[in-house]
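Trainee: Could we go through this structure together? I am new to it.
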Amino acid sequence: MTKSIDIVSTTFAPQAIGPYSQAVTFGELVLTSGQIPLTSDGSLVEGGIEEQTHQVFQNLKAVLEAAGSSFDRVLKATVFLQDMKQFAQVNAIYETYFGTHKPARSTVEVARLPKDVFVEIELIATK
């Protein structure tokens, strides 16, 4: 049996701002693109790291749901931070979305993120 790559798209998360998809699925695997704190209409969220992190998770939730998945099906998360000094704040918010589920995770500080946001997160999950 051949598996195909399917594109995931939802209007409940911002549309891609480049030549990529919000997510793709391959069999039972879901791979999200990195989500930044844009609203579904493409506006940048006002506020600091807390507000931005919550918006990123709202976007990820919408994309996962469109793919037939959820946070409790996440295998791996990659968190990109503009400033590692904000790790504790992001980590506290992260925990509220995952609860007792603890997927593998990498967190890295980067020199710059799209639109100069503070945080970007991508996920790998199953359906």
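Trainee: Which residues does Phe57 touch, not counting those up to four places away in sequence?
Mentor: Phe57 touches Phe71, Ile93, Tyr94, Tyr97, Phe98 and Ile121, where contact means heavy atoms within 4.5 Å. This is a predicted model, in which local features need pLDDT of at least 70, side-chain atom pairs count only at pLDDT 80 or more, and totals for chains, interfaces and linings use all residues. Residues are numbered from 1 along each chain as its sequence is written, and side-chain values use heavy atoms, with hydrogens and water left out.

Trainee: And Phe98, is that buried or exposed?
Mentor: Phe98 counts as buried because its relative accessibility is 6%; buried means under 20% relative accessible area, exposed over 50%, and partly exposed in between, with a 1.4 Å probe and protein chains only.

Trainee: Where is Phe98 placed?
Mentor: Phe98 lies in helix 2; helices (H or I, at least four residues) are DSSP runs, numbered from the N terminus. Beyond its neighbours within four places in sequence, Phe98 contacts Phe57, Phe71, Val74, Pro103 and Leu123.

Trainee: Turning to the helices, which residues of helix 1 meet helix 2?
Mentor: Ile49, Glu50, Thr53, His54, Phe57 and Gln58 do, and their partners in helix 2 are Gln89, Val90, Ile93, Tyr94, Tyr97 and Phe98.

Trainee: What is the make-up of that contact by class?
Mentor: The contact of helix 1 with helix 2 has 7 nonpolar, 4 polar and 1 charged residues. Here Ala, Val, Leu, Ile, Met, Phe, Trp, Tyr, Cys and Pro count as nonpolar, Asp, Glu, Lys and Arg as charged, and the others, Gly among them, as polar.

Methods. Helices (H or I, at least four residues) and strands (E, at least two) are DSSP runs, numbered from the N terminus.
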